[in-house]
Amino acid sequence: MQAGTSSQLASLARYREHIEQTAQWCLRSVQHGAGGSSAHFSLYQGWSRPYPETTGYLIPTLLRLERFLERPEHARTAEQLGQWLLSIQNADGSWNGGLHPGRDPKPSVFNTGQILKGMAALFEHTQAERYLEAGVRGALWLASRIGDDGLWPASDYRAAETPSYYTHVAWPMLEIWKLSQRDLIRERAERFLRVIAQRRRPNGVIAGWGFEEGKPAFTHTIAYTIRGFQESARLTGDHESYEGAVRPALERLYRKAELAGGRLPGHLDDSWKSDARYVCLTGNAQVAICLLLLEQRQPDLRLVNAAAKLCDFVCESQRLQFPLGGIRGAVAGSRPVWGRYMTARYPNWAAKYHCDALMQLHQRLVAAASTA
Amino acid sequence: MNILLSSSYDRSLPALLLAQGLAARGHRVCSILVVRQARVGNALRMVSEKGLGGLKRSATKYFKGRESESTDSPLTQLAEELRLTHRSLRAWAREHDCAWTSVSSLNSPEAVELAKSSGADVMVYAGGGILRRELIDALDGWVVNPHCGPLPEVRGVNAIEWAVLLEQPPHVTVHLIDAGVDTGRQLRQLPLPERDYASIEELRETAVAAGVRGVIDTLGAVTARESLAPRPPHAGPVSRQCFSLAPALQELLAARLQRHPHLP
């Protein structure tokens, strides 16, 4: 962190404190995760079984934390998790859905996609071929399951058709393509993205971006959808098709975030309206990341301002001094904690996205302060 | 001209300065509308947005008005220049044979009716919330606002602060209010005095004072509102609206002013 102007920003120290405590919670989730990262902590049931999907995408966060906090234990933990994920990969390259061990284990498109992020990140960090090989096998499995209609089969989720937030699967497929240059993976991922881009409505909503059709979508899956497009734009260089598809939604979320003072309603319907009386804290952090990604390409401190408000609200929701390790540094699913998203639980992915958002925001503010 | 003046509270110093300054230029401030702000809902909203400190500052301004300003603040200096002695709009209205009404909202049917029947040629907006179409139409669109930032680039709140952060010229803009947020036709744009600004507060107060002077000078000796000759509407894309500064961005601005206090 640069000295001088950036040291005058008290918020940087505040964000760093939150990053440190949330990172510690992530490490505790692994200590209690029987090989992986425990999906969540709840007062009623304590630490849950590990969740391969979110363990997978926690890995890139841990590697970033290692660089940000300069603590090697985060990278060591990331490699531990990578080894565990390799040990439970199916022979066909897929990973199963749900917690582990599953009661009725079945290969999952979405979960496999998220684990690919961990494989890609570990290959880049260690250059160990085993991670790339596992990633390619997983990505080829995903590619093989995409039909001529550009969609995955209906069995993977609750909706009748592939939900739009599966752009969050196309993204890691493209990460693996970038590392392996296996063009089939890219071709199939883009086939899917083109179909989803067609679902954009005039008001910027991408139809089908919620868990269930016809119901309001959590900000969590809205952000999944948007981020999937943004990252795919970065990886393919096709910003017009992919980032362009979600720019109107990003502008809407910018305004909503600001008008709500950082308290985005936990779910939004297809008219951008909401009757939610809670905030989906994961979604808050994810939307902050999406705004900061947009800002990387279109520098505008107004976007940083909105992201800061979203992050500040999640920070305010955390307990940094709490006797119970499952809550200290954790991020709840919702605020209030009885809200509809992951009610009364502290998911590991909420902590992950909060760390990611804060690190990105911190980095941006340091850069802004250094040019002051 | 006959002027209708709005304000968000009775002891608003900017509103008092506008009333005094416009009257000094020969205009008749025929009616003042003050929005009733002291409601529990507003207080709770302010606490959630600005914290208890923010509520305390707003309450101090609300109840003490100009007494809460420091003696060397640009607004206090303008008050001396204009020989303003009154501490409330109500007292000013009494002395100047001007109607004074407290309304729940500037968009209420009561306020719209008052605007229509006031005989005002122009409304000068000195606070009171976002205006809806009905009130704007009641004045045939002649609602003048001092915006503390350069338009069309910097729309919304904390405009002068955003002008510095976005490296835009530190100007204030006098413009007509339309249905959009700071999208109405411009009447005039004025730069802030070129000098050092030690703090955000000093910057903001200077901008507010400049906005007040800007309105007084713009309406100046104009006797017919059509003579104001607003510029054509902005033809390009509408800029992203600005909102209140998050703590991190306030700190960034303060740090910038500390390193580069001279503006522009």
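Which residue stands opposite A:Ser42 in S2(A)? That residue is A:Gly46. Before going further, please note that this is a predicted model.

I'll stay with chain A for a moment. Strand S1, residues 40-42, pairs with S2(A) over two bridges, in the antiparallel sense. These two belong to an open sheet of three strands in chain A, with the order S2-S1-S7 and antiparallel pairing. S2 (46-47) and S7 (345-347) of chain A are at the edges with a single partner strand each, so one side of each has no neighbour in the sheet. Helix H12 of chain A, residues 348-370, lies across S1 and S7 of that chain, and runs at about 50 degrees to S7(A).

Now to the sheet in chain B. Seven strands make up an open sheet here, ordered S3-S2-S1-S4-S5-S6-S7, and the pairing is mixed. At the edges are S3 (99-103) and S7 of chain B, each of which pairs on one side only. From one strand to the next, the twist averages 20 degrees.

Starting from the S3 end, S2 of chain B (residues 28-35) pairs with S3(B) in the parallel sense, over five bridges. In that pair, B:Val35 is opposite B:Val103. Towards the other end, S5 of chain B (residues 143-147) is joined to S6(B) by four bridges, and the two run antiparallel. There, B:His147 faces B:Thr173 in S6(B). S6(B) also pairs with S7 of chain B (residues 186-191), again antiparallel, over five bridges. B:His171 has B:Pro191 of S7(B) opposite.

How many of the six residues of S6 in chain B are buried? Five of the six are, so to speak, under cover: the strand, residues 171-176, is mostly covered.

Helix H1, residues 13-24, lies across S1 (2-7), S2 and S4 (122-126) of chain B, at about 170 degrees to S1(B). Helix H8, residues 200-219, packs on the sheet and touches S1, S4, S5, S6 and S7 of chain B; its direction makes about 45 degrees with that of S6(B).

Last, one residue that touches both chains. A:Asn305 is in helix H11 of chain A, residues 301-317. Why does A:Asn305 count as buried? Because its relative accessibility is 0%, and the cut-off for buried is under 20%. Its side chain makes a polar contact of 2.8 Å with the side chain of A:Glu258. Beyond its neighbours within four places in sequence, A:Asn305 contacts A:Glu258 and several residues of chain B, including B:Trp162, B:Phe243 and B:Leu249.

Note on methods
Residues numbered from 1 in each chain as written. Chains lettered and ligands numbered in written order. Predicted model: local features only at pLDDT ≥ 70, side-chain atom pairs only at ≥ 80, totals over all residues. Heavy atoms only, no water. Buried < 20%, exposed > 50% of the residue type's maximum accessible area, 1.4 Å probe, protein only. Polar contact = N/O pair within 3.5 Å; in protein donor to acceptor, adjacent residues only side chain to side chain. Contact = heavy atoms within 4.5 Å. Pairing = 2+ DSSP bridges. Axes fitted to C-alpha atoms, helices over the stretch in contact; angles between N-to-C directions.
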